[in-house]
Amino acid sequence: RILLAVGTRAHRPADIPFDGRTVLDSDEIVEIDHLPRSLTVIGAGVIGIEYATIFSALDVAVTVVDSHETFLDFIDRELIQDFTHQLRDRGVALRLGSKVAAVAVEDGHPVTVLESGRRIRSEMLLYAVGRMGATDALNLGCCGLETDARGRLAVDAHTFQTAVPHIYCAGDAIGFPSL
């Protein structure tokens with residue numbers, strides 16, 4: 001029997017100008033050497049909201065952008081309503097229901113352009129729109145397994161067995177609920 005528990009890496013679309021200084025993914029942001037004055041967070045999932053709260057607590061002006069009208073939908077709505085008020089009281093700007101048309105770097109600063117035409121300029125940008133299963137180097141095709149577009153493996157919800165009877169997968173590489 002084989003158990004795959006390979007974890008994930010940040011999803012990095014080709015059209016986002018990651019540079020490791022001003023446009024970062026969730027793996028890179030833990031290595032910054034200074035606090036920005038302002039931060040745009042693209043993605044209102046667990047990771048994006050986690051970093052938004054951390055940076056806002058450090059008096060960084062934070063704007064969270066997400067295409068969905070709501071966030072953290074697996075949490076009780078009453079709790080999210082209260083949390084939303086707390087975020088706004090801390091000065092976090094929430095741009096929910098706003099689709100990102102482009103991200104560019106202008107004069108050394110990331111600029112997020114929304115489909116509405118609105119432009120959000122900040123000192124730093126965190127792109128936190130999901131993670132990818134760290135399965136790409138495993139050559140899973142040779143044993144009859146295929147991943148989805150995000151590198152995740154489908155498993156039986158009770159046994160964590162993949163489509164190959166003696167291969168199992170657990171953790172982040174199976175998708176929600178991950179851990």
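At 65% relative accessibility, Arg37 counts as exposed, where exposed means over 50% relative accessible area, buried under 20%, and partly exposed in between (1.4 Å probe, protein chains only). The structure is a predicted model, in which local features need pLDDT of at least 70 and side-chain atom pairs count only at pLDDT 80 or more, while totals for chains, interfaces and linings use all residues. Residues are numbered from 1 along each chain as its sequence is written, and side-chain values use heavy atoms, with hydrogens and water left out.

Arg37 forms a salt bridge with Glu123, with the closest N and O atoms 3.1 Å apart; a salt bridge is defined as a side-chain nitrogen of Lys or Arg within 4 Å of a carboxyl oxygen of Asp or Glu. Arg37 lies in the loop between S3 and strand S4 (38-42), and Glu123 in the loop between strand S9 (119-121) and strand S10 (124-127), so the pair ties together parts that are 86 residues apart in sequence. Helices (H or I, at least four residues) and strands (E, at least two) are DSSP runs, numbered from the N terminus. Glu123, at 16% relative accessibility, counts as buried.

In total, the structure holds nine salt bridges. Another of them joins Arg12 and Asp25, whose closest N and O atoms are 2.7 Å apart. This pair links distant parts of the chain, with Arg12 in the loop between S2 and strand S3 (23-25) and Asp25 in strand S3, 13 residues apart. Arg12 is partly exposed at 39% relative accessibility, whereas Asp25 is buried at 4%. A further salt bridge pairs Asp136 with Arg9, and here the closest N and O atoms are 3.3 Å apart. Asp136 sits in the loop between strand S11 (131-133) and strand S12 (167-169), and Arg9 in strand S2 (residues 8-10), so that distant parts of the chain, 127 residues apart, are linked. The relative accessible area is 58% for Asp136, which is exposed, and 33% for Arg9, which is partly exposed.

On a 1 Å grid over the protein atoms alone, a pocket is an open set of points where a 1.4 Å probe fits, with protein on both sides within 12 Å along at least five of seven lines, and lining residues have an atom within 4 Å of a point. Of the 35 residues that line the largest pocket, Gly45, Val46, Ala128, Val129 and Gly130 are the closest to its centre. Helix H1 (46-57) and strand S5 (61-66) are the elements that give two or more residues to this lining, and H1 contributes the largest share, three residues. By class, the lining has 16 nonpolar, 12 polar and seven charged residues; Ala, Val, Leu, Ile, Met, Phe, Trp, Tyr, Cys and Pro count as nonpolar, Asp, Glu, Lys and Arg as charged, and the others, Gly among them, as polar.

Helix H1 also holds Ile54, which is partly exposed with a relative accessible area of 38%.

For the chain overall, the secondary structure comes to two helices and 12 strands, and the C-alpha atoms fill a box of roughly 50 × 40 × 30 Å along the principal axes. Of the 179 residues, 39% count as buried.
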